[in-house]
Amino acid sequence: MTRPSKETSPAGAARRRPLRLRTALLTAVGWLVAVGFLLPYLQMALTSLKSEKDLTKSPGGYLPDHWTWSNFVDVWDAAPLWTYLRVSLIVAVAATVVTLACALPAAYYTARYRFRGRGAYLLLVLVTQMFAPTALVIGIYREMVALNLTDTLFALVLVNAAFNLPFCVWILHGYFSSIPKELEEAAFLDGAGRVGALTRVTLPISMPGVVTAVVYTFIAAWNEYIVALTVTASPDRRPLTVAVPSFVTQYQAHWQYLFASSLIAIVPVVILFVFVERYLIGGLTAGSVK
Amino acid sequence: MKRHLTVAIATGLTVALGVSGCGKGSSSDDGGSDGKSIKFVAAIYDSNAEPYWKALIKDFEAKNSGYKVQLEMVDWTQMDAKVKTYIQTKQAPDLLNYNSFSDFARDGLIYKASEVVSPTTLSDFTPTFVEQSKYNGDQYALPFISSARLLFYNKDLFAKAKIANPPKTWDEVKTDAEKIQKEGGATGYGLPLGPEESQAEFYSWAMNNGGGWVDASGKWAINQPANVETLNFLKGLKDAKLTQPNPETTDRKTVFNQFAQGKIGMAIGGPFTKAGFIDPVNKNLNFGVTSLPSKSGTEHNTLGVMDLLAAFKKNDGKNKEALKKFLDFLYQKENTSTFLKKEGFLPVTKSAGDALSSDPYMKQFVDALPSSKFAPTSNPAWSAVAGAVKQSLGSSVANKDPKKVLDDIQKTAEKSG
Amino acid sequence: MQDLETRARDAGATARPSRPSALRRAGRALTPLVWLGPSLVLITVVVLWPVVEMVRTSFQKISSSGVTLGGNGTTNYTDLFDEDDLIPVVLRTLGWVAGIVITTMVLSLAIGQLLNSRFPGRRIVRWTVIVPWAASVLMTSLIWKWMLDNYSGLVNRVLLDLHLIDEPVNWLAHPWQAMLWMMWVAVFVSLPFASFVILAGLQTIPEDVYEAARVDGAGPLRTYFGITLPLLRPSIMIASIINVINVFNSFPIIWAMTGGGPGHSTDTTTTFMYKLAFYDQNVGESGAMAVVNFVLILAMVLMYLRAARWREEVR
């Protein structure tokens, strides 16, 4: 059983050999990678600040000729962005909660206990991971009709929750399995009960796994496209992903609005990531394992 | 950490419950059951469309108390997929703004026109369009807007290349394109054969070479020699570098963007092209509009396009009453002509026709309509054919043999009936 | 593991000694259902049901307007196998998946290592690496499409200014170039997740393992291939399985950038399937394609699991 360790420990390489050159090189590469990852989004920001006329120029300019900051004001009038944002948020949060509520007990139980059907269940989880909503979209739509759930956010929540569930079970199962059962047994013998041992001992240690599951589901639901496209119809039930591309249609190309609203959709999620990133990785050392 | 998680879960649950609580909200009751509310799926032609319908519906509901119209706007790029899922899952709207209807008629999904509009409205439709709305001899579709295609040319570039008159024949198109390329430093002809609307571009050329989709008896004749010749001509233009690069991925938006910047000499466009594509980029472009060039130069046909409304059967005909009320209201002269003016389309009714002829730009298209030929929308297989054309026609000027491409489309057509 | 369960049972037994044993046995048999039930219900109702619908659709005749006209035997399948484009599309899909997954894994091993090293600003670099994951794939594809635009795109502008090309290149119009660019975008959006899984994996490797290697005098290369890589195996497996699945079913990238065109020359099975349904108006054949698609992915993942010996992971 491997034990989670601290991040590359200062007691290791750094102290033994002074590695200034190595650090300098790493820094350079690191920042280069960062720029590489940001470049498209920088271009997105620049494009969103161009005027419509600017956009049709060929060859295109690097920077806007006129910094059209008003695009970010006008875009709210050009489409009901608030509604789209709200829909995306509701679907993503609710799907995450449902997924977690279903995945946590299942992952915990399969990690801790042997029982008949355990292998079958894990195989089911593994196989259903391969099912993508894209491939099943007609089937999904027909089902939602049968359940009288077309054009509801509830349908989107269900689909997003269900299709991300297998991954969450899988990753949580992995984390729970890696936690020494002795820790839990101790709590169990202290009279905490099975559920108590789970919530008091196992869950806190599994925070990185839980956070990963949450982030994965949230992002997948926030970015889901094809099911939302086919299952929802009313404008007030459409998430951002479906609404945003309609700025560029057969007859018009408002790239500036498209990218302005894309940025509006991206920024909150990036901020969310910035907050949970500590848990995502650093959580391993923050726990009480050591 | 534990408290954080508990709080997070509690918040999440609250939201989730809120969602399921309001999941089936007020506007999703697709009505119909009381026969007084209908669902209308309209196409987004441009950003004027939605405000127009909203205002019209508000007006309608105010004048007909108790009746309700639930509007859904769908972009053309998503329309085909949307319509298919709706129908397949028996969720068809009561009224649909679309560009084909005959397979709905064949499958018994829509009302005959006479069932849902008053005789006055029915008799107001221009005969050309009534013909386009028939399936097996009965009119099912309600013509909504129409459009015609003509050749747009940049007068400044023509002057620069010392060309006196716009081309009448295909040979002239080619020599003019060469001159524009050489003297004007611009692309001669803008050829949009991308998946957006290649069927319209192709047909605009093919019909002026005696080609077309069907033969005289109405059978599919997509791979007929005249059509192959047409594609070879277009491929020739491209191979001689007289078109913009990669016609197979270009759509009209791009072509007219370049046209408006004075970088393309000629391109085929419709009445909406000026307001929709040219004016936003360059209001002062000096351009002219002329009839489509033909192979021989003697007879010039125009591509006619008609979009329509189809009324779906629902709840054993209970929705007929509301549909009739709404449609008769919509087809009142002032209501239709407002839409046409806003969107730059041509009328389908006699009464709205006069309103547009006062505009000299629009008049050219109105005048071209009588000589127009239409895609065979009354053939139920047309939507499948159009789909196949859109995705594969462009490859005929790129990497595939024109004859082979047309053979494949012919196969699809025959398979679809 | 066994003792915990036994203890749990014992605890239950001492607490309620009078309970009839048959009932207790039934209760024990039902316990897994309590824990697994919600997830089973959700998976069955929302994931498996549409699969059944999909298979049913593939044997039905569905008219172009979308009305089900009844059974169609295996006609949909024979029609599908008659398509000239089917084989190229399938081969292209396999190349697409293999190319993207391999590139992603190699790059993410490097990026994971980088993010695990100490250097000033590491936290910020980590944040930036997450960005493509946070941004919707569709939006990322659209900005790439815009950057590759023939007329106004940044890529052409830069290459023109560097005099690497003489005239603008219509990147997305040439099947090969378009394919490579789209694969790059797919790698770009896959990297964050894969890198973070690798990073998390790197952090579970105990420091004393490295100490031991150092004492043995192993060089950095030997340490990496002898210790780090084998210990990363579970992370690599998770990252690449998820990547295979996502990439195989990736719709938005191709749909936004080329729509699978010109013709079918940049289609993968997913976009081909979509176009069969909504362009060729043949939902039944599209259903058949969905089934073929599914069988393909099943085969690929099973092969992968065999290679990765998943049973050991489950145990």
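**Exercises on chains A and C of a predicted model**

Among contacts in chain C between residues at least 6 apart in sequence, 67% join residues at least 24 apart, where two residues are in contact if their C-beta atoms, placed from the backbone, lie within 7 Å. The model is predicted, so that local features need pLDDT of at least 70 and side-chain atom pairs count only at pLDDT 80 or more, whereas totals for chains, interfaces and linings use all residues. Residues are numbered from 1 along each chain as its sequence is written, and chains are lettered from A and ligands numbered from 1 in the order in which they are written.

**Exercise 1.** Locate A:Ser51 and decide whether A:Ser51 is buried, partly exposed or exposed.

*Solution.* Next, take the count of 16 other C-beta atoms within 10 Å, which makes A:Ser51 partly exposed, since 20 or more would mean buried, 12 or fewer exposed, and anything in between partly exposed. Finally, leaving aside residues up to four places away in sequence, A:Ser51 touches A:His66 and A:Thr68.

**Exercise 2.** Describe the side of chain A that touches chain C.

*Solution.* The contact takes 92 residues from chain A and 80 residues from chain C. On the side of chain A, the elements that give two or more residues include α2, α5 (81-112) and α13 (255-286), and the largest share, 15 residues, comes from α2(A). By class, this side divides into 59 nonpolar, 22 polar and 11 charged residues, where Ala, Val, Leu, Ile, Met, Phe, Trp, Tyr, Cys and Pro count as nonpolar, Asp, Glu, Lys and Arg as charged, and the others, Gly among them, as polar.

**Exercise 3.** Work out how α2(A) and helix α6 (residues 137-147) of chain C pack.

*Solution.* The two helices pack at an angle of about 75°, with their axes 10 Å apart, the axes being lines fitted to C-alpha atoms over the stretch in contact, with angles from 0 to 180 degrees between N-to-C directions. Therefore α2(A) and α6(C) are roughly perpendicular to each other, a term for angles of 65 to 115 degrees, while under 35 is roughly parallel, over 145 roughly antiparallel and the rest oblique. The residues that make the contact include A:Pro40 and A:Met44 of α2(A) and C:Ile143 and C:Trp144 of α6(C), and the contact has 6 nonpolar, 3 polar and no charged residues.

Note on methods: Helix = DSSP H or I, 4+ residues; strand = E, 2+ residues; numbered from the N terminus.
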